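Subject: Structure for your review

Dear colleague,

Please find the structure below, together with its sequence. My findings follow, and I would ask you to read them with the structure open.

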Amino acid sequence: MKEDLKRYKEMKIELETIEDKLEYLKEKKTSIKSQIITDLPVSTQSELDRLNTLLVEIEKVIKLYMKKQRKILKKMYKIEKSLDILEPLEKTVIRYAYFDNKRFEEISCKINYSYRTVRRIHKSAIDKLLDRWCWTPLATRNMIIWYYQE
């Protein structure tokens, strides 16, 4: 469960990277289309075929990135949804600790609570999340899978 929380930041970074790549590919696609549809002298048929093939390949990559994007967003949504059972202060501590990789000392300064109190809040939040997350009977090769119990 903690691993899922720790992966959230990585997912966020990957999502931003995918969005940048999608934007780049869409711009590239538009520039290629503008090369095909111009008032300039007509290119050779082989040049047009090459550009059309390139457009098709770009579209395939865009679809692949969009699929990855949806998958990441779905995982992030599940993690966010699992935090709904926490009190606002517990959510804040969990977000700082796992989404922003802050240490307890940093968190205590940000929320103006003692280090010890932040540790207690963190433990309480993790305990609540553990009560909500369950072990599945699907254990293979020493790997146990978490699932969220709604």
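**Overall architecture**

From the N terminus on, the protein chain runs α-α-α-α-α-β-β. In total, its secondary structure amounts to five helices and two strands. Please bear in mind that this is a predicted model.

Of the 150 residues of the protein chain, 28% count as buried. The accessible surface comes to about 10900 Å², and 53% of that area belongs to carbon and sulfur atoms. Among the contacts in the protein chain with a separation of 6 or more, 58% are accounted for by residues 24 or more positions apart.

In soluble globular proteins, nonpolar side chains tend to be buried together. In the present model, the largest nonpolar core has 32 residues, and those with the most contacts inside it are Leu5, Leu83, Ile94, Tyr98, Phe99 and Ile107. At least two residues of this core are supplied by each of α1 (2-36), α2 (45-82), α3 (88-99), α4 (104-111) and α5 (115-132).

Setting aside residues up to four places away in sequence, Phe99 touches Leu5, Tyr8, Lys9, Ile79, Glu80, Leu83 and Ile94.

**The contact of α3 with α5**

The axes of α3 and α5 are 9 Å apart, and the two helices pack at an angle of about 95 degrees. They are therefore roughly perpendicular to each other. On the α3 side, the contact is made by Leu89, Glu90, Val93, Ile94, Ala97 and Tyr98; on the α5 side, by Val118, Ile121, His122, Ser124, Ala125, Ile126 and Lys128. By class, the residues of this contact divide into nine nonpolar, two polar and two charged.

Is Glu90 buried or exposed? Glu90 is buried, because its relative accessible area is 7% and the limit for a buried residue is under 20%. Leaving aside neighbours within four places in sequence, Glu90 is in contact with Ile121, Ser124, Ala125 and Lys128.

**The contact of α4 with α5**

Helix α5 also meets α4: the axes of α4 and α5 come within 9 Å and cross at roughly 105 degrees. This pair, too, is therefore described as roughly perpendicular. Phe104, Glu105, Ile107, Ser108 and Ile111 in α4 meet Tyr115, Val118, Arg119 and His122 in α5. The contact of α4 with α5 has five nonpolar, two polar and two charged residues.

**Two residues of α5**

His122 is placed in helix α5. With a relative accessible area of 9%, His122 is buried. Which residues does His122 touch, not counting residues up to four places away in sequence? They are Lys2, Val93, Ile94, Ala97, Tyr98 and Phe104.

Leu130 and Lys2 are 128 residues apart in sequence, and their C-alpha atoms are 9.3 Å apart in space. Lys2 is also among the residues that His122 touches.

With kind regards

Technical notes: Residues numbered from 1 in each chain as written. Predicted model: local features only at pLDDT ≥ 70, side-chain atom pairs only at ≥ 80, totals over all residues. Heavy atoms only, no water. Core = buried A, V, L, I, M, F, W, Y, C linked by side-chain atoms within 4.5 Å. Buried < 20%, exposed > 50% of the residue type's maximum accessible area, 1.4 Å probe, protein only. Helix = DSSP H or I, 4+ residues; strand = E, 2+ residues; numbered from the N terminus. Contact = heavy atoms within 4.5 Å. Areas by Shrake-Rupley, 256 points an atom, 1.4 Å probe, with all protein chains shown as cover. Axes fitted to C-alpha atoms, helices over the stretch in contact; angles between N-to-C directions. Parallel < 35°, antiparallel > 145°, perpendicular 65-115°, else oblique. Nonpolar A, V, L, I, M, F, W, Y, C, P; charged D, E, K, R; others polar.
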